[in-house]
Amino acid sequence: MQQAVLRHFPEAQVEYRFTNRSKGMKFNTACIDSIVDAINRLEDVSLTKDERSWLQSNCTYFRPVYLDFLQKFRFRPKEQVTVRYVPSLDNPGFGDLELEFRGLWTETILYETPVHFAHMFNLMPIGTIAHEWMMGIAAMKGYEQANLLALELWEDVYPTTLSNSLHIALTDTFTSQVFFNNLLQKPSLATRWRGLRQDSGNPLEFIPLAKAAYEKLGIDPKDKLVVFSDSLDVDTCFKIKTASDEAGFQSSFGVGTSLTNDFKKVSNGEKSKPLNIVIKLGSIDGKECIKISDDIMKNTGDKAAVRQIKEILGVPVVSN
């Protein structure tokens, strides 16, 4: 995504905000110290010759001018990152973490986009567009057609290919229903793009919604891929796979939390409860950025702004 931002929005100024959705889970001071230390050490990170060579071989969609930029790129955490610890009133040893990242979009976007492990284990890095691409474009250019504009600008950087591996459209930045309403206006986009990503709400309700949209456009669902990525475990993947097969979709699964947070307490064998944490785009060029998820608990941004954009897009306003 950094290459796309560099191409289209090289001067955009942004602010990212950290959110801990696990309200009952606090950070202790030792954890905060470790986080601060890790952030500060980012100033020593730079792209090595070996890493650039690997990117050239495995990510052929990166242009030489972008790799030149990336090789010169340096994090400046002391200028760009603000860390605050807010102690709990009843237990000062634990509290809340506040994180903000400010600067050029091109220079702050990598604070949440690692590909290090793909290189370390010689794996092909795969992924989809993040919500921030739609969020930033909507805040700058308007919300009514933001989904379509975001896809078109993406295509300008990453033209369609035989595999179309980079053309998986994220549907739930402003609710999937709004996305599909937009997509019906541009059948050519729906045809060109390889598929969709479902990242919030009920996947079993999403599948027939997506199928109906494609069929209205005269597109056979069997030609399209749906990537599921919301709160998955193995059992859930099997259930979704069955439903996808029945609808005719190809399916793929991005399983994160249950793979990387599968710890058990030594004392009693109880499964560790993972943190539900995110970093989202908060503002761009002084304009508030918002996200209206298919899961009301995942809405982000100023509540008044969320309500206003819901009214513009025709999304029902429900108190959360």
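Hi everyone. Let me start with a term: a residue is called buried under 20% relative accessible area, exposed over 50%, and partly exposed in between. Cysteine 31, at 29% relative accessibility, therefore counts as partly exposed. Cysteine 289 has 1% relative accessibility, so that cysteine counts as buried. Please keep in mind that what we have here is a predicted model.

Staying with cysteines for a moment: how many disulfides does a search of the whole structure find? The search comes back with zero. As a reminder, a disulfide is a covalent bond between the sulfur atoms of two cysteines.

Next, have a look at helix H8, residues 131-141. Of its 11 residues, 10 are buried, so the helix is largely enclosed by the rest of the structure. The buried residues include His131, Glu132 and Trp133, along with Met134, Met135 and Met140. Gly136, Ile137, Ala138 and Ala139 are buried in H8 as well. After H8 comes glycine 142, which has a positive phi, near 110°.

For a contrast, turn to helix H7, residues 116-120, where you will find phenylalanine 117. That residue has 56% relative accessibility, so phenylalanine 117 counts as exposed. Together with Met120, Phe121 and Leu123, Phe117 makes a nonpolar surface patch of about 460 Å².

Now for the charged side chains.

Another salt bridge brings together the side chains of glutamate 43 and lysine 78, at 3.2 Å from N to O. This pair also links distant parts of the chain, 35 residues apart: glutamate 43 is in the loop between helices H2 and H3, and lysine 78 is in helix H5. Is lysine 78 buried or exposed? Its relative accessible area is 60%, so lysine 78 is exposed, whereas glutamate 43 is partly exposed at 36%.

Glutamate 15 is buried, with a relative accessible area of 12%, while arginine 17 is partly exposed at 28%. Both belong to a network of salt bridges that also takes in Arg84, Glu98, Glu100, Arg102 and Glu288.

Searching the whole structure for cavities of 30 Å³ or more turns up one. The largest cavity has a volume of about 40 Å³, and its lining includes Phe179, Trp193 and Tyr214. Helix H10, helix H11 and strand S6 each give two or more residues to that lining.

The second largest pocket holds about 860 Å³ of space. It is lined by 36 residues, and those closest to its centre are Thr19, Lys23, Asn299, Thr300 and Gly301. Strands S1, S4 and S9 and helix H15 are the elements that give two or more residues to the lining of this pocket. Which element gives the most? That is S4, with five residues.

Notes. Residues are numbered from 1 along each chain as its sequence is written. This is a predicted model: local features need pLDDT of at least 70, side-chain atom pairs count only at pLDDT 80 or more; totals for chains, interfaces and linings use all residues. Side-chain values use heavy atoms; hydrogens and water are left out. Patches are made of residues with over 30% relative accessible area and no salt bridge: like charges are joined within 9 Å, nonpolar side chains (Val, Leu, Ile, Met, Phe, Trp, Tyr) within 5 Å. Accessible areas come from the Shrake-Rupley method with a 1.4 Å probe; for residues, only the protein chains shown count as cover. A salt bridge is a side-chain nitrogen of Lys or Arg within 4 Å of a carboxyl oxygen of Asp or Glu. Helices (H or I, at least four residues) and strands (E, at least two) are DSSP runs, numbered from the N terminus. Buried means under 20% relative accessible area, exposed over 50%, partly exposed in between (1.4 Å probe, protein chains only). A disulfide is a pair of cysteine sulfur atoms within 2.5 Å. On a 1 Å grid over the protein atoms alone, a cavity is a set of points where a 1.4 Å probe fits but cannot get out, and a pocket is an open set with protein on both sides within 12 Å along at least five of seven lines; lining residues have an atom within 4 Å of a point. Grid points are joined across faces, edges and corners, and a volume is the space filled by probe spheres set on the points.
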